[in-house]
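This briefing goes through one chain by topic, from its overall make-up to individual residues. Please keep the sequence and the coordinates at hand while reading.

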Amino acid sequence: MSNDLNLQQMMNAFDELDFEQRTTTNLENARNKQQMTAYITSLDFSLRRLLILQDSINSIVEEKQLDLVKQEHIQTYKTKIINLSRQYNIAYQDVINIMVQLRK
């Protein structure tokens, strides 16, 4: 009975270890800072490579942030057009057509 219990505990420990390794050694599965840090540490990069990685990540983050700002501006612009169409009781497309004509 004791051997069965020890065997079961050992199997549970291996299952837990396997789960932990799958979640921390794969960047796709990393969902928090601790898991990402564990993965990056496991890469064993030199300081130079870590700095290059940091620069790359910073560039990607800036690009994503700019995309978000652009999306916000687009949404704001669409909202203004919708409000104009409601204010003057005309269709959305008609507002856009008027804006195009005024631009020419």
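A residue is called buried under 20% relative accessible area and exposed over 50%, and partly exposed in between. L84, with a relative accessible area of 33%, is therefore partly exposed. The model discussed here is predicted, and the cut-offs just given are used again for the residues that follow.

**Overall make-up**

- The protein chain contains 4 helices and 0 strands, so that reading along the sequence gives the pattern α-α-α-α.
- Of the 104 residues in the protein chain, 8% are buried.

**Helix α2 and its start**

- Helix α2 covers residues 33-43, and at its start a side-chain oxygen of N32 comes to within 3.2 Å of the backbone nitrogen of Q34.
- Q35 belongs to helix α2, and its side chain reaches the backbone nitrogen of R31 at 2.6 Å.
- Is Q35 buried or exposed? Q35 counts as buried, because its relative accessibility is 18% and the cut-off for buried is under 20%.

**The largest pocket**

- The largest pocket has a volume of about 150 Å³, and the residues that line it are L27, M36, Y39, I40, L43, L53 and I57.
- Which helix gives the largest share of this lining? That share comes from α2, which supplies 4 residues.
- Both α2 and α3, the latter spanning 47-87, supply at least two residues each to the lining of the largest pocket.

- D44 follows α2 and lies in the loop between α2 and α3.
- The phi of D44 is near 55°, which is a positive value in a residue other than glycine.
- D44 has a relative accessible area of 67% and is therefore exposed, given that exposed means over 50%.
- N89 is placed in the loop between α3 and α4, and N89 has a positive phi of about 55° although it is not a glycine.
- With a relative accessible area of 70%, N89 is likewise on the exposed side of the cut-off, because exposed means over 50%.

**The nonpolar surface patch**

- A nonpolar patch on the surface is formed by L84, Y88, I90, I98 and L102, and these residues together have about 490 Å² of accessible area.
- L84, one of the residues of this patch, is located in helix α3.
- I98, another of the residues of this patch, lies in helix α4, which covers residues 92-103.
- The C-alpha atoms of L84 and V95 are 7.3 Å apart in space, while L84 and V95 are 11 residues apart in sequence.

Note on methods: Residues numbered from 1 in each chain as written. Predicted model: local features only at pLDDT ≥ 70, side-chain atom pairs only at ≥ 80, totals over all residues. Heavy atoms only, no water. Polar contact = N/O pair within 3.5 Å; in protein donor to acceptor, adjacent residues only side chain to side chain. Buried < 20%, exposed > 50% of the residue type's maximum accessible area, 1.4 Å probe, protein only. Patch = residues over 30% accessible without salt bridge, like charges linked within 9 Å, V, L, I, M, F, W, Y side chains within 5 Å. Areas by Shrake-Rupley, 256 points an atom, 1.4 Å probe, with all protein chains shown as cover. Salt bridge = Lys/Arg side-chain N within 4 Å of Asp/Glu carboxyl O. 1 Å grid on protein atoms, 1.4 Å probe; cavity = no way out; pocket = protein on both sides within 12 Å on 5 of 7 lines; lining within 4 Å. Points joined across faces, edges and corners; volume = space filled by probe spheres on them.
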